[in-house]
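I opened my notebook for a first walk through this structure. Here is what I looked up, entry by entry.

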Amino acid sequence: MARLVSLVEYYCFNIICVTLLLLTSVEASVLEEKSGTSTSAFFIFGDSSVDPGNNNYINTVPENQANYKPYGHNGFFQRPTGRFSDGRVIVDFIAEYAKLPLIPPFLEPSADYTNGANFASGGAGVLPETNQGMVIDLPTQLKNFEVVQKSLIEKLGEAEAEKVISEAVYLISIGSNDYMGGYLGNPKMKETYKYEAYIGIVIGNLTQTIQVLYKKGGRKFGFLSLSPLGCLPALRALNPKASEEGGCFEAASELALAHNNALKSVLTSLEQIFKGFKYCYSNFYNWLDDRINHPSKYGFKEGINACCGYGPYGGIFTCGGTKEVKEYELCENAEDYVWWDSFHPTEKIHEQFAKTLWNGEPEPEPFSVGPYNLQRLFFDKEKLTIADIVDDDPQPLHFLQ
């Protein structure tokens, strides 16, 4: 009898082992499929910091366009594309690291949105009042995303389109124009709102956009915080207290810093409230400020003056000679410069920042990236357990109403 029990135990043990091996094999297969070389789609919202040429297709002023020489000066593209840079911008590098093709402007004729779309517009703000009528503001960019969403459903079917939307990474880089032109350059707005109240309005509208994207299925977000706006060559040139403040227009930088702190607090709250909400955020303010003040540490020779522009610091925005003032000067080597024109950094800055966001680790201030870097957002997939395989009934999503 003891011998019989032993055999039963033996066979039962082997059956359990085989079952576990099969389940493990299935789990490994699914995990491999989920976390292999496949990547997520990429949707971009913002202003001139990430505009790939949407403003080429709208009726606007020359200051909001970059589809003329010397933009694209370094020759990566065969012609000026509308990017406010001597070459590529940050989202071009991120797409490359994510093994994606260049993400097309939403307004580009016959654009393929399978891998994502870029809705950004030079001069745009979070608020529709910022440069109204001359740009594609953030609320309109959100409506354009809905157009892409519908086209994906028509092309891929509803289930596959939902998968693309839910696994995509959403990068948002906007807000500078709301403070530079929308507030500091708008006496009526300054009279109506104290700066704290105005920042609250901008952050509130930005938060609403994030909530809408979440409700539509978005779960993974990247955010570019504002730079030290007062240290842009254009703001240095306009600074009425340049001799007292070391050149930088401190009022603009203070607005940017307050905006960044408010956004950081909002993102921390959203992570607690929204199930599955993941984000990448970095302190771009300090990151860029260090390059402005110590350019040689990062391979630059010039951190204050613009490569392309006119007047003090190259801060008069004449690059390209298409504006009211036609005269401009162009440096010999843009790679030596932090600033390409009066408002925008060079491709080299875009590339360095893209690398920081891509593989940076959560670190103490001032240069932290977290709680996720972009590499993790694009390639990390949620691990499946045996229970997930056995019971694949989807859990209900909890949206903000």
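**Entry 1: the cavity**

For my own record: on a 1 Å grid over the protein atoms alone, a cavity is a set of points where a 1.4 Å probe fits but cannot get out, while a pocket is an open set with protein on both sides within 12 Å along at least five of seven lines, and lining residues have an atom within 4 Å of a point. Grid points are joined across faces, edges and corners, and the volume is the space filled by probe spheres set on the points. With a threshold of 30 Å³ or more, I count one cavity. Its lining is made of Ala66, Tyr71, Gly72, Phe77, Arg79, Pro80, Thr81, Gly82, Arg83 and Gly87. I sorted these residues into four nonpolar, four polar and two charged. In that sorting, Ala, Val, Leu, Ile, Met, Phe, Trp, Tyr, Cys and Pro are nonpolar, Asp, Glu, Lys and Arg are charged, and the others, Gly among them, are polar.

**Entry 2: ground rules**

I noted that this is a predicted model, where local features need pLDDT of at least 70, side-chain atom pairs count only at pLDDT 80 or more, and totals for chains, interfaces and linings use all residues. Residues are numbered from 1 along each chain as its sequence is written, and side-chain values use heavy atoms, with hydrogens and water left out.

**Entry 3: salt bridges**

Side chains of opposite charge can pair when their charged atoms come close. I used the rule that a salt bridge is a side-chain nitrogen of Lys or Arg within 4 Å of a carboxyl oxygen of Asp or Glu. How many salt bridges does the rule give? The count is nine.

Arg83 forms one with Asp92, at 2.8 Å from N to O. Are these two buried or exposed? I take buried as under 20% relative accessible area, exposed as over 50%, and partly exposed as in between (1.4 Å probe, protein chains only). Arg83 is buried at 7%, and Asp92 is buried at 4%.

Lys297 and Asp290 meet in a salt bridge at 3.0 Å, N to O. Here Lys297 is exposed at 54%, whereas Asp290 is buried at 14%.

Asp380 and Arg376 pair at 3.1 Å, N to O. Asp380 is partly exposed at 41%, and Arg376 is partly exposed at 39%. I also wrote down a network of salt bridges linking Arg88, Glu96 and Glu347.

**Entry 4: the sheet**

Next I followed the strands. Helices (H or I, at least four residues) and strands (E, at least two) are DSSP runs numbered from the N terminus, and two strands pair if DSSP finds at least two bridges between them. I found an open sheet of six strands with mixed pairing, in the order S2-S1-S3-S4-S5-S10. Its edge strands are S2 (116–118) and S10 (369–371), each pairing on one side only.

S1 (residues 42–46) runs parallel to S3 and is joined to S3 by five bridges; Ile44 has Leu171 as its bridge partner. S3 and S4 are also parallel, with four bridges, and Ile172 is partnered by Phe223 in S4. Moving on, S4 (residues 220–223) pairs with S5 (residues 278–282) in the parallel sense over four bridges. There, Gly222 stands opposite Cys280.

**Entry 5: a pocket**

I then turned to the second largest pocket, which has a volume of about 820 Å³. Its lining has 40 residues, and Asn177, Met180, Leu232, Phe343 and His344 lie nearest its centre. Which helix supplies the largest share of this lining? It is H5, with five residues. H5 (176–184), H8 (233–238), H11 (284–293) and H12 (347–359) each supply at least two. By type, the lining holds 22 nonpolar, 16 polar and two charged residues.

**Entry 6: a loop**

My last stop was Lys194, in the loop between H6 (187–192) and H7 (195–215). Lys194 is exposed at 66%.
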